[in-house]
Amino acid sequence: MSEFNPTVARGRDSVLSTNKVIRNTYILLSMTLVFSAVMAAIGMSMNLSSGSSMMMSLGALGLIWLVLPRFENSTGGIVVVFAISGLLGMGLGPMLNYYMAMANGPQLVGTALGGTGVIFLGLSGYALTTRKDFSFMGGFLFVGLLVVFGAMIANLFFAIPALALAVSAGIILLMSGLILYDTSRMIHGGETNYIRATVGLYLSIYNLFISLLHILGALSGDD
Amino acid sequence: MDFWLKVVLAVVLGMMLWRLWPAARHQLDHGPKGTSKDWQAAILPIGAVVLFIVFLVMMVRN
């Protein structure tokens with residue numbers, strides 16, 4: 001009766017490890033989001049320039065590219081994740097100050113924040129409850145990101161407002177797809193490292209918020 | 001925006017493109033392909049996101 005069944009045991013282990021990755025990812029993600037919000041508030045109060053904001057974003061990018069891969073399998077990775085979210089959060093300060101100075105600024109920022117939360121929770125809930133495998137979206141999402149980066153480079157020099165709006169709309173769709181993709185990868189064992197999973201989801205939420213704020217700011221009718 | 005700031009941003013975005021390219025290529029060549037049913041399951045929530053954003057825009061315009 002107590003015969004060892006490796007398939008069942010492995011299956012149960014796999015489910016337990018998947019649940020552990022999901023739980024750890026959401027715990028770390030919620031902590032980094034709170035930390036990021038605190039750093040954004042500090043960045044706003046310090047009245048940082050847009051140049052220093054860009055330096056912080058570049059610093060965060062450097063951490064993601066060069067430092068995170070070395071620490072992602074150790075507890076030091078958690079410190080790196082907080083450093084990334086802290087830099088990106090503080091870098092939001094000047095942009096938030098700009099929008100808050102608009103007549104309906106607090107409403108815009110609040111709506112973008114709430115909207116980002118609803119979109120993230122809705123998409124994560126959808127992926128977690130349906131347990132569908134969205135790994136087939138990988139090619140489409142990566143090519144979409146390449147197209148968006150190309151359009152962003154072009155618009156740096158051409159500065160076409162309609163293209164900037166189209167890029168923001170494209171980023172919102174791509175980040176929504178990436179939330180489905182990343183969540184599904186955690187569920188189906190494609191992502192077993194909660195530090196990497198947290199950074200992926202954090203960046204999706206961060207970009208979603210910025211793009212949503214840009215669209216709401218541009219279409220709010222308050223120039 | 002200052003011209004040199006634009007150049008720095010363009011270089012960073014170009015580096016992102018360069019880093020992303022192999023992953024995109026790998027996904028296109030070896031990634032799983034979805035059926036029309038799979039794509040429907042993905043388009044449904046993303047369509048809901050689009051409608052939600054239209055709602056948010058209408059809300060801030062009023």
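**Entry 1**

I looked up Arg25(B) and found that, at 45% relative accessibility, Arg25(B) counts as partly exposed. I noted the scale: buried is under 20% relative accessible area, exposed is over 50%, and partly exposed is in between, with a 1.4 Å probe and protein chains only. The model is a predicted one, in which local features need pLDDT of at least 70, side-chain atom pairs count only at pLDDT 80 or more, and totals for chains, interfaces and linings use all residues. Side-chain values use heavy atoms, without hydrogens and water, and residues are numbered from 1 along each chain, with chains lettered from A in the order in which they are written.

Arg25(B) forms a salt bridge with Asp29(B), the closest N and O atoms being 3.5 Å apart. A salt bridge here is a side-chain nitrogen of Lys or Arg within 4 Å of a carboxyl oxygen of Asp or Glu. Both residues belong to helix 1 (residues 3-30) of chain B, and because they are four residues apart, about one helical turn separates them. I read helices as DSSP runs of H or I with at least four residues, numbered from the N terminus. Asp29(B), at 47% relative accessibility, is also partly exposed.

**Entry 2: Salt bridges in chain A**

I counted four salt bridges over all chains. Arg196(A) forms one of them with Glu72(A), with 2.9 Å between the closest N and O atoms. Arg196(A) lies in helix 8 of chain A and Glu72(A) in the loop between helix 2 and helix 3 (76-91), so the pair ties together parts that are 124 residues apart in sequence. Arg196(A) is partly exposed at 34% relative accessibility, whereas Glu72(A) is buried at 15%.

Arg196(A) also meets Glu191(A) in a salt bridge, at 2.9 Å from N to O. Glu191(A) is buried, with a relative accessible area of 9%. I recorded a network of salt bridges that links Glu72(A), Arg185(A), Glu191(A) and Arg196(A).

**Entry 3: The interface of chains A and B**

I then turned to the contact between the chains, where contact means heavy atoms within 4.5 Å. Chain A gives 42 residues and chain B gives 39 residues. The two chains bury about 3700 Å² between them, 85% of it on carbon and sulfur atoms. Buried area is the accessible area (1.4 Å probe) that two parts lose on being put together, summed over both. Trp65(A), Phe136(A) and Leu156(A) supply 19% of the area that chain A buries against chain B, more than any other three residues.

I found zero salt bridges between chain A and chain B.

**Entry 4: Aromatic rings**

Which residues form one aromatic cluster? I listed Tyr126(A), Phe134(A), Phe136(A), Phe140(A) and Trp39(B). Rings of Phe, Tyr and Trp (its six-membered ring) pair if their centres lie within 6.5 Å; planes under 30 degrees apart count as stacked, over 60 as edge-to-face and the rest as tilted. By this rule there are 11 aromatic pairs over all chains. The ring centres of Phe140(A) and Trp39(B) are 5.6 Å apart and their planes stand at 80 degrees, so the pair is edge-to-face. This pair crosses between chains, from helix 6 (residues 138-158) of chain A to helix 2 (residues 36-61) of chain B. Trp39(B) is partly exposed, with a relative accessible area of 28%.

Technical notes
Helix = DSSP H or I, 4+ residues; strand = E, 2+ residues; numbered from the N terminus.
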